[in-house]
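Subject: Structure handover

Hello,

I am passing a structure on to you, together with notes on what was found in it. Please keep it open while you read.

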Amino acid sequence: MSTTIYLDNSATTPLCPEALTAMMQAMGHYGNPSSLHSLGQEAHTLLNRARAQVGAALGVKAVKPNELIFTSCGTEASALAIYGTVYAKPRRFGNRIITTDCEHPSVEEAMKKLEADGFEVVRIPTKHGVLDTEAAIAALNEPTLLVSMMMVNNETGAHFDVARVFAAAKANDSRTVTHCDAVQGFLKVPFTPAGIHADLVTISAHKIHGPKGVGALYIHPDIVKTKRITAYLTGGGQESGLRSGTENVIGICGFGAAARAGFATRAADCAKMTVLRDRLEGKLRDMGVQMNIPAGNRAPHILNLTLPSIKSQTMLNYLSAQGICISSGSACSSHSVKISPSLAAFGLSAHEADCSLRVSLSAQNTEDEVDALCEALGKGIENLVRIRR
Ligand code: PLP
């Protein structure tokens, strides 16, 4: 039996049994969902069942095929949202895009590319994990093509009030498109696309105990009707013409099952994660560890901390040797030597960010695991500080 303690659930989550079963069943259906014969139609039925399951978990009743587009991951869903909006023809108006200063690289790198292409990108501060909504609303004073803001920060767990900004954007000019990267918020904080005034919402299967390599973009019907989104992956016209390429039927079925299971248990799961996080926080506080807790709302599954002058990579290796998996920041950027922009935006110095760790929980974790982490961290701090002396 493995003794690994997995506390890196913001990087990815273990597959849930429901997703595994659905994927095993889907493996028996090898038809192409675009084929008109019976095997193709079987696969098509599986796709639409998964679409309904994911739509229901998002709070969208009777979701239509062009309202939920399956993609290869959250990154691709955000790329479709961002490039699909700004390159839609005719571009409605304006050249301005509003985002935050702590977006995941899947959004931030797209923003840099658009800046190079001549778009004006305004990044709203998120100091201490609080979105400056007044600054965002003030930035809407110019015609704004797109507002793209994350719901929950993947490194600090800060839960941003995107609804307020999106509502203001829509009240200002209903043509402005609103996009939310909800990869870390989906099934962790309650929301619906309509409730947050989002036209577009990105989600990803592997953060909710589904498989890797599947994501989805929710699209409000008005956006499709008014042609304010265009495909950036063109070809055979799958996914209502908005994302060509034969669908990953097996992965999508896993996504649907994970979304259905996660939706059913979300309240209990979030309550459990909150208890575990609070226990962890209490113990770390007693140990005198600096915690980077958002000053506003927060999601239940993420805790960021800064060690006393021990580089996070050193502690990460120390814990990993003992079978404890945590992260030194977003896994997507853990091989980069750059200081995390999210932590810099939070207000940490370069040195503090370099000594910061992220613990991220799922409802499958236990109090014993949290206690084991604290014990190992305590010993690690003692040993590693002594070595440095
Ligand atoms: N957005 C956020 C906030 C994330 O945390 C991640 C992954 O860590 C992504 C987007 C990218 O999702 P995916 O790995 O499915 O491309």
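This is a predicted model: local features need pLDDT of at least 70, side-chain atom pairs count only at pLDDT 80 or more; totals for chains, interfaces and linings use all residues.

Residues are numbered from 1 along each chain as its sequence is written, and side-chain values use heavy atoms, with hydrogens and water left out.

Helix packing

Helices (H or I, at least four residues) and strands (E, at least two) are DSSP runs, numbered from the N terminus. Two packed helices are described by the angle between their axes and the distance between the axes. Axes are lines fitted to C-alpha atoms, for helices over the stretch in contact, and angles run from 0 to 180 degrees between N-to-C directions.

Helix H2 (residues 38-57) packs on helix H8 (residues 249-286) at about 30°, and their axes are 8 Å apart. That angle makes H2 roughly parallel to H8 (angles under 35 degrees count as roughly parallel, over 145 as roughly antiparallel, 65 to 115 as roughly perpendicular and the rest as oblique). H2 passes H8 in a left-handed crossing (left-handed if the near helix is turned anticlockwise from the far one by less than a right angle, right-handed if clockwise).

H1 also packs on H8, at an angle of about 150° and with the axes 8 Å apart. H1 and H8 are therefore roughly antiparallel, and H1 passes H8 in a right-handed crossing.

A further pair is helix H3 (residues 74-86) and helix H4 (residues 105-116), at about 30° with axes 9 Å apart. H3 is thus roughly parallel to H4, and its crossing with H4 is right-handed.

Salt bridges

A salt bridge is a side-chain nitrogen of Lys or Arg within 4 Å of a carboxyl oxygen of Asp or Glu. By this rule there are 21 salt bridges. One of them joins Arg358 and Asp8 (3.3 Å, N to O). This pair links distant parts of the chain: Arg358 is in strand S12 (residues 356-360) and Asp8 in the loop between S1 and H1, 350 residues apart. Both Arg358 and Asp8 are buried (buried means under 20% relative accessible area, exposed over 50%, partly exposed in between; 1.4 Å probe, protein chains only).

Arg277, Asp278, Glu281, Arg285 and Arg298 are linked in a network of salt bridges. Asp278 is partly exposed at 39% relative accessibility, whereas Arg277 is buried at 7%. Arg285 and Glu281 meet at 3.5 Å, N to O; they are 4 residues apart in helix H8, so about one helical turn separates them.

Leu15, Leu20, Met24 and Met27 make a nonpolar surface patch of about 390 Å². Patches are made of residues with over 30% relative accessible area and no salt bridge: like charges are joined within 9 Å, nonpolar side chains (Val, Leu, Ile, Met, Phe, Trp, Tyr) within 5 Å. Accessible areas come from the Shrake-Rupley method with a 1.4 Å probe; for residues, only the protein chains shown count as cover.

Most residues other than glycine have a negative phi. Ala62, in the loop between H2 and strand S2 (68-71), has a positive phi of about 45° and is exposed, with a relative accessible area of 71%.

Regards
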